[in-house]
Amino acid sequence: MPPHNIEAEQAVLGTVMLAEHMLAGLRPLVDENVFYRPAHALIWQTITGLADRSAPYDVIAVADALGTDLHAVGGGTYLHTLIAAVTTTANASYHVRRLRELAYARRVMETGAHLMQLGKHAPDLDDAGDLRSRVTAACAAIMAPDVRGWPEPTPLSTIGELPTFPLWSLPGWLSDYCGALAEVTQTPPDLSGCLALAVLAVAAAGRVWVRAPTWTEPTNLFTVIVLPPGSRKSEVFAQMTAPIRTAESHLVECAQPAIVEAQLARRIAETEAEKTAKAAAAADPLQHADALAEASAAALALERITVPAEPVLFTADATVEKLASCLAEQGGRFAVLAPEGKIFSILAGRYSKTPDLQVFLSGHAGEEMRIDRIGRASERIEAATLTLGVCVQPGVLARLGDTPEFREQGLLGRILYSLPASLLGYRKENPAPIPAPVEQAYTAHMTTLLISLYGLNDGTASQERPRHTLTFTPDAQETIIRLLAEIEPRFRPGGDLHHMTDWSGKLVGATVRIAALLHLAAHLKDGWGRPITADTFAAACQIGDYFTRHAQAAYDAIGADPAVADARALLEWARRTATSRFTAREVLSRLRRFKTVADLEPALRVLEAHGWLRRLPTAAPTGRGRPANPTYELHPRATP
């Protein structure tokens, strides 16, 4: 006989009539096909029909609704038998899932019989393709996943749709250009918007600092924009950084006379030092002291002459040691700007056995750096400020988690991430060009800002200028304090920033830095002489909110949330092994990632919350034995 379980069918029907509140939970899992006895299917149809009319469906109501069919199902006495078959309503879900398995087994048997008939009558068919299509249809009917009772699963992500970069938060001349460049290149505005902040940071870093209520921040930023290949990153990057190259050429031209003068003075001093040293070596004993003093004075004069390095504002590719030297040569300010993310492979240890992050860690914080190496002169930087602005591919972002030192030493927590949606496949073939006044304004304003901030206000190419510190108006300071109070609870367990406090702990500081950059861009001629207003800080907060959402997505992609990473690993294991049901003990024995059931619990909760997993009900224990080990079932779409 086909597989079935009459007692379980009776228990399910009796439970619904005995405890009407159980129907809501069981109905998504049950249809008439789960019942082997036609009488039971008729009773179920009657119950659901009464429920749809908001009528009661106890034994008396069901008997009355059956009418002339009551005798066909066994009479009123049989309905009371169904009630008596219920030992506990808690087992109803368990019985339903068992009935569904038996119903599926019957469908398999019916399909097998149908396939046998098709094979038997195959010689009578004129078209072989007709046989194949009938077989395919029959198999598809039993292979389709049964998703009854399952919610639509959601991706294993801590965030939803990501916001677009708020270009309106930038000053008008900068916002206009970023929007026009995004349009003409058919790229997300996030790309030009984030690069605009990076270019502003190149201009201000090392020259301008900003004082929050109780601490001071430099104005450099670490920005990383993530886009797939073919997204025209290089084109946008070249356009946004063009003023840096123009300003750099101007600064080199201004610095050239001083460099040549210093080089000439040093050559003269070297000649004098060499001459006096030879004279001291050849002097007779009576004149030796005077000759030695003269030689020492010449040597000291030589040491005091320093040839300034040619102004260089950024590089696209350099070793960590070279970056440290560039920071020292350029007065403590430098930048890494590149349309690709090669710098991360260098930091991970491409040219060394272990990752070396100190230059980036100190360079982000504006800290003093003392570098001593064997065979090379020591380098001292009073306050190193390094700016990072790079575009990377999604694979590079995902691999950042492969270097534990990036998270452990705090590099990941210093980066402002942007993960815009790619426009590939939706780009216009004939976009509007950039209006000439908009392009001219960007080039002129950004170049002027770069040159003026290099010397703070006189445009000279001096690297010895003291730094200037911006302040906030009183109402802006109050806004900063309120932001600190609002964000703090989000760090607690259960908060949306709890798993990434290394990043979110620096959020207010990053917002303060962005406010300073927006202020300087809005007041091109005298920004360093004005306080930052509350409106400017509010605009910076909008950008800070944008980076917060994108950082959550980036940390999700990196696998920084252990629970989500474990859930992904568990789901991948189930797919790879075609496992649709399992117990916690089975996972521990097969997946070495988890050591104890406690280690597994967070992953199970994440999968359940996202609709990929549910805990199956177990039959209530009949004695004093140990409770059954819970069984978990994966969504039918989770496994092939």
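Trainee: By about how many helical turns are glutamate 274 and lysine 278 separated in helix α10?

Mentor: This is a predicted model, in which local features need pLDDT of at least 70 and side-chain atom pairs count only at pLDDT 80 or more, while totals for chains, interfaces and linings use all residues. Residues are numbered from 1 along each chain as its sequence is written, and side-chain values use heavy atoms, with hydrogens and water left out. Helix α10 covers residues 233–282, helices being DSSP runs of H or I with at least four residues, numbered from the N terminus.

Trainee: How far apart are the closest N and O atoms of glutamate 274 and lysine 278?

Mentor: Side chains of opposite charge can pair when their charged atoms come close. The pair forms a salt bridge, defined as a side-chain nitrogen of Lys or Arg within 4 Å of a carboxyl oxygen of Asp or Glu. Glutamate 274 is partly exposed at 46% relative accessibility, whereas lysine 278 is exposed at 55% (buried is under 20% relative accessible area, exposed over 50%, partly exposed in between, with a 1.4 Å probe and protein chains only). The closest N and O atoms lie at a separation of 3.5 Å.

Trainee: How many residues apart in sequence are the parts that aspartate 317 and lysine 342 tie together?

Mentor: Aspartate 317 and lysine 342 form a salt bridge whose closest N and O atoms are 2.9 Å apart. Aspartate 317 lies in the loop between α11 (288–304) and α12 (320–329), and lysine 342 belongs to helix α13 (residues 342–347), so the parts tied together are separated in sequence by 25 residues.

Trainee: Is arginine 370 buried or exposed?

Mentor: The side chain of arginine 370 meets that of glutamate 368 in a salt bridge, at 3.0 Å from N to O. Glutamate 368 has a relative accessible area of 47% and is partly exposed. Arginine 370, at 57% relative accessibility, counts as exposed.

Trainee: What distance between its end C-alpha atoms does helix α1 show?

Mentor: The expected span is 1.5 Å times one less than the number of residues. For the 13 residues of α1 (residues 6–18) this should come to 18 Å, and the distance between the end C-alpha atoms agrees, being 18 Å.

Trainee: How many of the 13 residues of α1 are buried?

Mentor: The buried residues include Ala8, Leu13 and Met17, and what covers the buried residues includes α2 (23–26) and α6 (92–120). Helix α1 is mostly covered, the number of buried residues being 10.

How values were computed: Helices (H or I, at least four residues) and strands (E, at least two) are DSSP runs, numbered from the N terminus. Contact means heavy atoms within 4.5 Å.
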